[in-house]
Amino acid sequence: MKPTIVIVGRPNVGKSMLFNRLTKSRDALVADLPGLTRDRHYGHGRGASKPFLVVDTGGFEPKVTDGILHEMAKQTLQAVSEADALLFVVDGRQGLTPQDKIIAEKLRQTMGRESGPAAGKRVPVMVAVNKAEGMDEQIVTAEFHELGLGVPVAISAAHGEGVRQLVEDMLANFPEVVDEPEPQHPKVAIIGRPNVGKSTLVNKLLGEERVIAFDQPGTTRDSIFIPLHRNGKDYTLIDTAGIRRRGKVFEAVEKFSVIKTLQAIADCHVVVLVLDARQEVSEQDAHIAGFIVESGRALVVAINKWDNLDDYTRDRVKTDFDRKLHFLSFAHMHTISAKDGMGLNPLFRSVDDAFAAAMAKLSTPKLTRALIAATAAHQPPMSGQHRPKMRYAHQGGHNPPLVIVHGSGLDGVHESYIRYLEGRFMETFKLRGTPLRVELKAGANPYRDKKPPALTKGQEDKRRRGRIRMKRKYG
């Protein structure tokens, strides 16, 4: 089993920068703003002699007893309880602070824990003095010996200085582990406006307070990737920040969050679009849904907060959905209560169906027969003096399924006929929960760019005599 290294420290010391350096990714949001990371963020460490897992945590405020900072501290303590090794990051330019001392005392209590995945096992802690580029190592680390957590190491997460050796030292006492390839299972992104219950849904599916669910819009800022095993199947859940309208996004943090959410849509296999049953379907809901469809992602719609609604309100919500989001007719719609766990099993059955449809393999003979049946039922309209001819079709990709139709004279085929073909293919192959794309590819004319060969002298004489006869006959 891969060792897990958990990064802890007070806000704005460079934990997320170090996480990205260790994972060779840009998964964690990084900006010169304290408290940017709130939930714990898992990743696969890369570039070391041994494979390992690394966990980024929010800024640690152990003495705060309520509010969002308290929830962040709970997330950090949960990550610490799962750690095989702790990496305590401090700021070499600000020096030792009282908060660093409080965190160090908390970590000393953890080093010989009595509970957790490694109960009774001493958890090593290493102090990493970050932002030490251009500074003398002995001087910048001197005062951090006072923490009593061993010899501090000077690093620069931004420039990579000392990071590789730091990780090798931390992994030295762990046994060799074979780095197996990551299994291919559905990645499910939970998308929606702020405060519709996305994090509550994730926590209910996991059966634990894995991400912070707080009665405040904008609680989630980053996209959090979380493994889930449910009904004998593996998934990766992606909890995302709520997407506001462009005019409502003022803070730099929110702009980063929107970008990460859009990236999560591009990276996932299936999107669960969460709507609030106690609010009308807004223009922003339609905008988010339109972006998901344009991205070609499989989709399941979850109307949350369905509990305690009367029959009239429920009928109104369904009517509102059908009217404003009619272009999502290919997707399954479910009414759920994330808080109570109502409707989650049918929801995930639809997720499985949507994933299977998005990754479906469609054979060329069956696609061609479906194309012939579609054109026989409704021929493509004339384009000028000729009617487009569609000869055969084959599959060109997955997620979403891409069907390439070959033929001649296809440049003039109207968009409405392409949509007709998409609907016929989805109906024929019973693809529910995913959009399907049709791409037309006309065959090249082999004689288009060729010049006629030069005539011989005999051919020229024959053409001249023919012209003379025509002139005599018709004047």
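In this predicted model, Asn231 is found in the loop that runs between strand S8 (224-230) and strand S9. Its phi is near 55 degrees, a positive value in a residue other than glycine, and Asn231 is exposed, with a relative accessible area of 62%.

**Backbone features in loops**

- Most residues other than glycine have a negative phi, and most peptide bonds are trans.
- The peptide bond that joins Asn399 and Pro400 is cis, with an omega of about 5 degrees, and Pro400 has its place in the loop between strand S13 (389-397) and strand S14 (402-408).

**Aromatic pairs and a charge over a ring**

- A pair of aromatic rings is described by the distance of the centres and the angle of the planes.
- A search of the whole structure finds two aromatic pairs, one of which is formed by Tyr235 and Phe348 and is edge-to-face, with 5.0 Å from centre to centre and 90 degrees between the planes.
- Because Tyr235 lies in strand S9 (residues 233-239) and Phe348 in helix H10 (residues 344-358), this pair ties together parts of the chain that are 113 residues apart in sequence.
- Tyr235 and Phe348 are both buried, and the ring of Phe348 also has the charged end of Arg230 sitting over it, 5.5 Å from the ring centre.
- Tyr417 and Tyr420 form an aromatic pair that is tilted, with 5.3 Å from centre to centre and 45 degrees between the planes.
- Both Tyr417 and Tyr420 belong to helix H12 (residues 415-428), where they are three residues apart, about one turn of the helix.

**Contacts and surface of the whole chain**

- Among contacts in the protein chain between residues at least 6 apart in sequence, 71% join residues that are at least 24 apart.
- The accessible surface of the protein chain comes to about 24800 Å², and carbon and sulfur atoms account for 50% of this area.

**Confidence of the prediction**

- The protein chain averages a pLDDT of 81, and 80% of the residues score at least 70.
- Confidence is lowest in helix H2 (residues 67-81), where the mean is 62, and highest in helix H11 (residues 364-377), where it is 95.
- Over residues 30-38 the pLDDT is below 50, and for this stretch the model has 35 contacts beyond near neighbours in sequence.
- The pLDDT also stays under 50 over residues 246-256, a stretch for which the model has 13 contacts beyond four places in sequence.

Note on methods: Residues are numbered from 1 along each chain as its sequence is written. This is a predicted model: local features need pLDDT of at least 70, side-chain atom pairs count only at pLDDT 80 or more; totals for chains, interfaces and linings use all residues. Side-chain values use heavy atoms; hydrogens and water are left out. Contact means heavy atoms within 4.5 Å. Accessible areas come from the Shrake-Rupley method with a 1.4 Å probe; for residues, only the protein chains shown count as cover. pLDDT is the predictor's confidence in each residue, from 0 to 100. Helices (H or I, at least four residues) and strands (E, at least two) are DSSP runs, numbered from the N terminus. Rings of Phe, Tyr and Trp (its six-membered ring) pair if their centres lie within 6.5 Å; planes under 30 degrees apart count as stacked, over 60 as edge-to-face and the rest as tilted. Buried means under 20% relative accessible area, exposed over 50%, partly exposed in between (1.4 Å probe, protein chains only). A charge sits over a ring if NZ of Lys or CZ of Arg is within 6 Å of the ring centre and within 35 degrees of the ring normal.
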